[in-house]
Amino acid sequence: SGRIDRIDVHPTQGVRIIDYKTSDAARTPEQTHRRARSEWLDLQLPLYRELARPLGLVGPVSLAYFNIPRRAEELKLYAAEWSEEEVDTAVEAARDIIRNIRNRVFWPPGDPSQYGDEFARLCADHALNRTEIIARASQQRGTAAG
């Protein structure tokens, strides 16, 4: 929905955008958002930086998760340790996705989501021949359109 949980503003430290997470198995922003410090898997925190721009906040912007587990003594803030340039690459990845959607480019299919959801069966996420199923469906759509 694009709603930021919290924005802290400090006169000398700048701005921190915080996303609250409720989980006993805490993950850092790096673990959630990227694979091998190169490929972006999740764009939520970097896009929060973009959502906050129109607010006119001044100073450096940092991003973080605040994990809220069952045990209060395990509360912890996990700061994203990304440079401004790294966050810019995530925003550009989002722009590429938008361009592809507008141009109706949906190929090649990505790897199945790491999160289970109600669309896993529809997307054949657990099928051994997933790539073949997707290729066949794409060919059938091309034939039907022609």
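In which sense do strand 1 and strand 2 pair, and over how many bridges? They pair in the antiparallel sense, over 5 bridges, where two strands are said to pair if DSSP finds at least two bridges between them. Before I go further, please keep in mind that this is a predicted model, in which local features need pLDDT of at least 70 and side-chain atom pairs count only at pLDDT 80 or more, while totals for chains, interfaces and linings use all residues. Residues are numbered from 1 along each chain as its sequence is written, and side-chain values use heavy atoms, with hydrogens and water left out.

Let me give the overall plan. The protein chain has 4 helices and 6 strands, and here helices (H or I, at least four residues) and strands (E, at least two) are DSSP runs, numbered from the N terminus. Along the sequence they follow the pattern β-β-α-β-β-α-β-β-α-α.

Four of the strands make an open sheet with the order 1-2-5-6 and mixed pairing, and its edge strands, each pairing on one side only, are strand 1 (6-10) and strand 6 (76-79). Going across that order, strand 1 and strand 2 form a hairpin with 3 residues between them, and Arg6 has Ile18 in strand 2 as its bridge partner. Strand 2 and strand 5 then pair in the parallel sense over 7 bridges, whereas strand 5 and strand 6 pair in the antiparallel sense over 4 bridges, with Tyr78 in strand 6 as the bridge partner of Tyr65.

Aromatic rings of Phe, Tyr and Trp (its six-membered ring) pair if their centres lie within 6.5 Å, and planes under 30 degrees apart count as stacked, over 60 as edge-to-face and the rest as tilted. By this rule there are 2 aromatic pairs. The ring centres of Tyr20 and Phe66 are 5.7 Å apart and their planes stand at 80°, so this pair is edge-to-face. Because Tyr20 lies in strand 2 (residues 14-21) and Phe66 in strand 5, the pair ties together parts that are 46 residues apart in sequence. The other pair is Trp40 and Trp82, with centres 5.1 Å apart and planes at 75°, so that pair is edge-to-face too.

Are those two tryptophans, Trp40 and Trp82, buried or exposed? Both Trp40 and Trp82 are buried, where buried means under 20% relative accessible area, exposed over 50%, and partly exposed in between (1.4 Å probe, protein chains only). By contrast, Tyr20 counts as partly exposed at 33%, and Phe66 is partly exposed at 24%.

Finally, helix 3. Helix 3 (residues 84-102) has 19 residues, and its buried residues are Glu86, Val87, Ala90, Val91 and Ala94. Why do we say that these lie on the same side of helix 3? They cover an arc of only 150° around the axis, the arc being that of the directions from the helix axis to the C-beta atoms. The face turned away from this buried side carries the exposed residues Glu85 and Arg102. What covers the buried residues includes strand 3 (34-35), strand 4 (39-40), helix 2 (44-52) and strand 5 (61-67).

Conventions. Expected span 1.5 Å × (residues − 1). Contact = heavy atoms within 4.5 Å.
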